[in-house]
Amino acid sequence: MKFKITVLLILSFLTVFGTFAQQKKVIKPETIYIVDNEIVSPDFLKKLNPNHIKEMKMSISGEEKEALVKKFGKTLEDNQIVVLVMKTEEEIKNTKATKTITPEEAAEMMRKNAEERAKKIKESTLINSGDMAKDFTLEMLDGSKLKLSDLKGKVVLINFWATWCAPCMKELYEFPERIIEPFADKDFVLLAISRGEEPDVVRKKMDKLKSRGVEFNAGLDPKEEIFKLYATNLIPRNFLVDQNGKVVYSSVGYSNEKLNELVKKIEELLK
């Protein structure tokens, strides 16, 4: 009889745990491509001549997204949108970019783009690795307040993001599995700070993220007062602060490689 009760208790626990795990599962967004106001497939994109693309938006404003949702339906609400605008025939005729470029020319263009990107990052970064983190008091979405200097003794990840920023969203969707859950019982604090947005905008986005398995207490920086202590432009940005208040790692933009490096640095600090 005791054996049966024990088995039933274990099964009950597994059922509850399984339900909880299922609720915590992150539903990552799809990427929707819109070319000249029409949704297209990734295969369609592969056939496009890059020289004929006039404009490409990886991040769009809330108003732009609402307009697209109104036209194409609510399935766009939870997904990331990339908008491409094609040149007209007249623009294609009048541009020299229609000529085929050699692999060497393409490599040189990539090198120059990388140099320009690195220059923009350097010029817009006010706090670098090796600097002491600037102190601030942060108001959280739940109404509580937190001072960075009160967190000495803990590893702190300062992350700047915005609801309209597609790379930011890609990064945040990875945070539960890579950052939040693995370090939940460690001396670690995540300060994910919304840059330049009102609380209602952030709250609406956080409700949407929570429904898809991404949940954290967001920090608010509507006037960018905190952000401007660390940088002048470009998000997402991460500043990893050690137990003594020193910045030991920083990154701009999102990629799997950068996230892997960030996780590795956190693990090293917590050893």
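**Reading loops, strands and a kinked helix**

Colleague: Asn-37 sits in the loop between strand E1 (31-35) and strand E2 (38-40). What is the phi of Asn-37?

Modeller: First, the ground rules. This is a predicted model: local features need pLDDT of at least 70, side-chain atom pairs count only at pLDDT 80 or more, and totals for chains, interfaces and linings use all residues. Residues are numbered from 1 along each chain as its sequence is written, and side-chain values use heavy atoms, leaving out hydrogens and water. Helices (H or I, at least four residues) and strands (E, at least two) are DSSP runs, numbered from the N terminus. Now the general idea. Most residues other than glycine have a negative phi, and most peptide bonds are trans. Asn-37 has a positive phi, near 70 degrees.

Colleague: Which peptide bond is cis?

Modeller: The one from Ile-235 to Pro-236, with omega near 0 degrees. Pro-236 belongs to the loop between helix H8 (227-230) and strand E10 (237-241). Leu-234 is in the loop between H8 and E10 too. Phi of Leu-234 is positive, near 75 degrees. Leu-234 counts as buried, at 18%.

Colleague: Next, E10. Which way do its residues point?

Modeller: In a regular strand the side chains alternate between the two faces of the sheet. In E10, Arg-237, Phe-239 and Val-241 point one way. Asn-238 and Leu-240 point the other way. Five of the five residues of E10 are buried.

Colleague: Which strands are joined to E10 by bridges?

Modeller: Two strands pair if DSSP finds at least two bridges between them. Strand E7 (residues 155-161) runs antiparallel to E10, with five bridges. Phe-160 stands opposite Arg-237 there. Strand E11 (residues 247-252) also runs antiparallel to E10, again with five bridges. Here Arg-237 stands opposite Val-252. E10 and E11 make a hairpin with five residues between them. Gly-245 in that turn has a positive phi of about 90 degrees.

Colleague: On to helix H6. Where does its kink lie?

Modeller: Start with the span. The expected value is 1.5 Å times one less than the number of residues. H6 (residues 166-180) has 15 residues and reaches 20 Å between its first and last C-alpha, close to the 21 Å expected. Now the bend: the angle between axes fitted to the seven residues ending at a position and the seven starting there. H6 has a kink of about 50 degrees at Glu-174, shortly before Pro-176.

Colleague: What covers the buried residues of H6?

Modeller: Buried residues of H6 include Met-169, Leu-172, Phe-175 and Ile-179. Count a contact when heavy atoms are within 4.5 Å. The cover includes strand E4 (80-86), E7, strand E8 (188-195), helix H7 (199-211), E10 and helix H9 (256-270).

Colleague: Which cysteines form a disulfide?

Modeller: A disulfide is a covalent bond between the sulfur atoms of two cysteines. The test used is a pair of cysteine sulfur atoms within 2.5 Å. By this rule there is one disulfide. Cys-165 and Cys-168 form it, with their sulfur atoms 2.4 Å apart. The torsion about their S-S bond is about 80 degrees, so the disulfide is right-handed. Cys-165 is buried at 2% relative accessibility, and Cys-168 is buried at 0%.

Methods: Buried < 20%, exposed > 50% of the residue type's maximum accessible area, 1.4 Å probe, protein only.
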